Amino acid sequence: MKPDFDRLFQALGDPTRRAIVDRLAEGPASVSRLAEPLKITVTAVAQHLHILEQCGVVRTEKVGRVRTASLVPDGLTPLERWARERRSMLEKRLDRLADVLGESE
């Protein structure tokens, strides 16, 4: 299955969602705990989490009345791979440029 990079970049382009991902990097948290420092409603956090879930970055689980969110271990791997491939291509181009410039000396 090919990752939907547009959706992933759009999801992570939002500062609130990045803050949620940063917080969840420390460990799972309830929706209400995520809402406290962000000073937004639990409903707003749930909407942000839904978008992150659609991208495969976050998973939520409801036990009783408490919904807890956690990061998906490999949720950001497609993004990491994409960035690494672009960096590799750029480094190869820069190496070729350095070779050409070295030949002209």
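**How the helices pack**

Mentor: Happy to! The buried residues of α3 are Val31, Leu34 and Ala35. Keep in mind that the model we are reading is predicted.

Trainee: Do the buried residues of α3 lie on the same side or on opposite sides of the helix, and what arc do they cover?

Mentor: Picture looking along the helix, with Val31, Leu34 and Ala35 as its buried residues. They sit on the same side of α3, because around the axis they cover an arc of only 100 degrees.

Trainee: Which exposed residues does α3 carry on the face turned away from its buried side?

Mentor: Exposed here means over 50% relative accessible area. On the face of α3 turned away from the buried side, the residues that qualify are Arg33, Glu36 and Pro37.

Trainee: Which elements do the buried residues of α3 pack against?

Mentor: Let's follow the buried residues Val31, Leu34 and Ala35. Their packing partners are α2, β1 (29–30), α4 and β3 (66–71).

Trainee: How are α3 and α4 oriented to each other?

Mentor: Two packed helices are described by the angle between their axes and the distance between the axes. For α3 and α4 the axes are 9 Å apart and the angle is about 110 degrees. Angles of 65 to 115 degrees count as roughly perpendicular. Therefore α3 and α4 are roughly perpendicular to each other.

Trainee: How many nonpolar, polar and charged residues are in the contact of α3 with α4?

Mentor: From α3 come Val31, Ser32, Leu34, Ala35 and Leu38, and from α4 come Val42, Val45, Ala46 and Leu49. Sorted by class, this contact has eight nonpolar, one polar and no charged.

Trainee: Leaving aside neighbours within four places in sequence, which residues is Val45 in contact with?

Mentor: Val45 is one of the α4 residues in the contact with α3. In the largest nonpolar core, of 18 residues, Val45 is also among those that touch the most other members. Setting aside neighbours within four places in sequence, Val45 is in contact with Ile20, Val31, Leu34, Ala35, Leu38 and Ile40.

Trainee: Which elements give two or more residues to the largest nonpolar core?

Mentor: Among the 18 core residues, Ile20, Leu24, Leu34, Val45, Leu49, Leu52 and Val58 touch the most other members. The elements giving two or more residues to this core are α1, α2 (15–24), α3 (31–38) and α4 (42–54).

Technical notes
Residues are numbered from 1 along each chain as its sequence is written. This is a predicted model: local features need pLDDT of at least 70, side-chain atom pairs count only at pLDDT 80 or more; totals for chains, interfaces and linings use all residues. Side-chain values use heavy atoms; hydrogens and water are left out. A nonpolar core is a set of buried Ala, Val, Leu, Ile, Met, Phe, Trp, Tyr and Cys residues joined through side-chain atoms within 4.5 Å. Buried means under 20% relative accessible area, exposed over 50%, partly exposed in between (1.4 Å probe, protein chains only). Helices (H or I, at least four residues) and strands (E, at least two) are DSSP runs, numbered from the N terminus. Contact means heavy atoms within 4.5 Å. The arc is that of the directions from the helix axis to the C-beta atoms. Axes are lines fitted to C-alpha atoms, for helices over the stretch in contact, and angles run from 0 to 180 degrees between N-to-C directions. Angles under 35 degrees count as roughly parallel, over 145 as roughly antiparallel, 65 to 115 as roughly perpendicular and the rest as oblique. Ala, Val, Leu, Ile, Met, Phe, Trp, Tyr, Cys and Pro count as nonpolar, Asp, Glu, Lys and Arg as charged, and the others, Gly among them, as polar.
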